[in-house]
Structures are given as structure tokens and as C-alpha cells.
Amino acid sequence: SSNGMYDIFVEELSGSGSVIWSQTYNGSGNGNDIATDVRVATNGEVYVAGTYYKDATDSSNAIVIKYSAAGTQRWVASYNGSGSRNDAYSSLLVSGATVIAVGTCWSTSNQYDMLTRRLDTAGTTIWTTTYDNAGLADGAVSLSFRSGSLFVTGGVQTSSTAYKIATWKISPSTGAITTTTLSSSSSIAMD
């Protein structure tokens, strides 16, 4: 942007590379706003997940932005964790009338928690689920639907020097975590 910070930029191109439409999103704090995932629904609507800078007190909030198939911004849904600091979505899933985003949120214990949030296609929050393993840093990086269940994968910090891969099985209708599985290894690597 003109103030030297990042803005979220979304552009649709034709098959020949011509610009059909483009949009820029600058958060209310004129700070760094970053997209981490983009999904296109079967009807051509575009959903963007990431984080935006709000202000010096609240820092960054997680964000989902919806654009029409023609590139008109329809709504913005943000999430501010209980600790009011650095919250962000890392991955997004769009299926029918369901939009689910996962990432991290800053908690009142001054650590990151796993964040999973379900919205409808109008931007209304259906449910929000957070997970804190041991009062340390936790977060989600990917998600998928299988056999009627939502599976979220990420990492949890189990001690000051140890991390494990975590998979949460979550009810798509209620957001309740039905199973948490941690890797047996204390090392972690995710993409």
C-alpha cells in the first residue's frame, strides 16, 4: 500500500491472463493485512482468509472476506481472540452453505490457542471452537471433511521445548471437539 504496509489483494484473471476484476482490502488500522488462503465456491463467489491489523491495542484479528463472482465485496467477518492480540486464519474450507476457517488466536493466558470457526455464506457465525492443550502455543493449519466429520490438523506445544502434531475431530453442526489425537513424537513439521 501507499503507507508501506501490506494489504490483501485478490484478482481474477481470464484464461488468457487478462484481469477480470481486482480488489484490495486495507484493514482499519492501516497496518499489515495478509491473505493466507483463497477458495472459490461452485457459484464463483470468492472467500479469502487471513489476518488484518486493527490497532495498537488490539493488534491483528483473524478475517474472512467474501466477494461476489463479479468481485464486489459482500461481507467481512473478523475474530478477536480473548487476549486481543495476534489472531489469524491459516486455511479455509468452503462447501455448500458452509465456510470454515482455522488458525490461531491469542488467549488470556498470553499464548496461542487453536481456532476453528464456522460461518454461513451470509457471514453469520454458526460456532467458534478454540483449544488449549497445556497453556502453551497451539494452532491449526489445515482442515478437511471426511465421513461427515471435520478434521483439523495443527500443532500443540506440550512443554517449553516440545511440540506435537495434533488432529482434532470436530462436529460440523455444533463445533464440539469429539476427539483429540496427538502424535507420539515430540518433533513437528507442517506445511
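## An aromatic pair

Tyr25 is buried, with a relative accessible area of 14%; buried means under 20%, exposed over 50% and partly exposed in between, using a 1.4 Å probe and protein chains only. This is a predicted model, in which local features need pLDDT of at least 70 and side-chain atom pairs count only at pLDDT 80 or more, while totals for chains, interfaces and linings use all residues. Residues are numbered from 1 along each chain as its sequence is written, and side-chain values use heavy atoms, with hydrogens and water left out.

Five aromatic pairs are found in a search of the whole structure. Rings of Phe, Tyr and Trp (its six-membered ring) pair if their centres lie within 6.5 Å; planes under 30 degrees apart count as stacked, over 60 as edge-to-face and the rest as tilted. One of the pairs joins Tyr25 and Tyr52 edge-to-face, at 6.4 Å centre to centre and with 90° between the planes. Tyr25 belongs to strand S2 (residues 19-25) and Tyr52 to strand S4, so the pair links distant parts of the chain, 27 residues apart. Tyr52 is also buried, with a relative accessible area of 8%. Strands (E, at least two residues) are DSSP runs, numbered from the N terminus.

## The open sheet

Four strands form an open sheet in the order S3-S4-S5-S6, with antiparallel pairing. Strand S3 (34-40) and S6 are the edge strands, each pairing on one side only. Two strands pair if DSSP finds at least two bridges between them. Between S4 and S5 there are nine bridges, in the antiparallel sense; Tyr53 has Ser60 in S5 as its bridge partner.

## Nonpolar cores

The largest nonpolar core has 15 residues, and Val64, Tyr89 and Leu92 have the most contacts inside it. Such a core is a set of buried Ala, Val, Leu, Ile, Met, Phe, Trp, Tyr and Cys residues joined through side-chain atoms within 4.5 Å. Among the elements that give two or more residues to this core are strand S5 (59-67), strand S7 (88-95) and strand S9 (112-120). Another core, of 14 residues, lies apart from it and includes Leu93, Val102, Met114 and Ala140.

Leaving aside neighbours within four places in sequence, Leu92 is in contact with residues including Asp37, Tyr47, Val64, Ile100 and Leu143. Contact means heavy atoms within 4.5 Å.

## Ser95

Ser95 lies in strand S7 and is partly exposed, with a relative accessible area of 38%. Its C-alpha atom is separated by 27 Å from that of Asp7, 88 residues apart along the chain.
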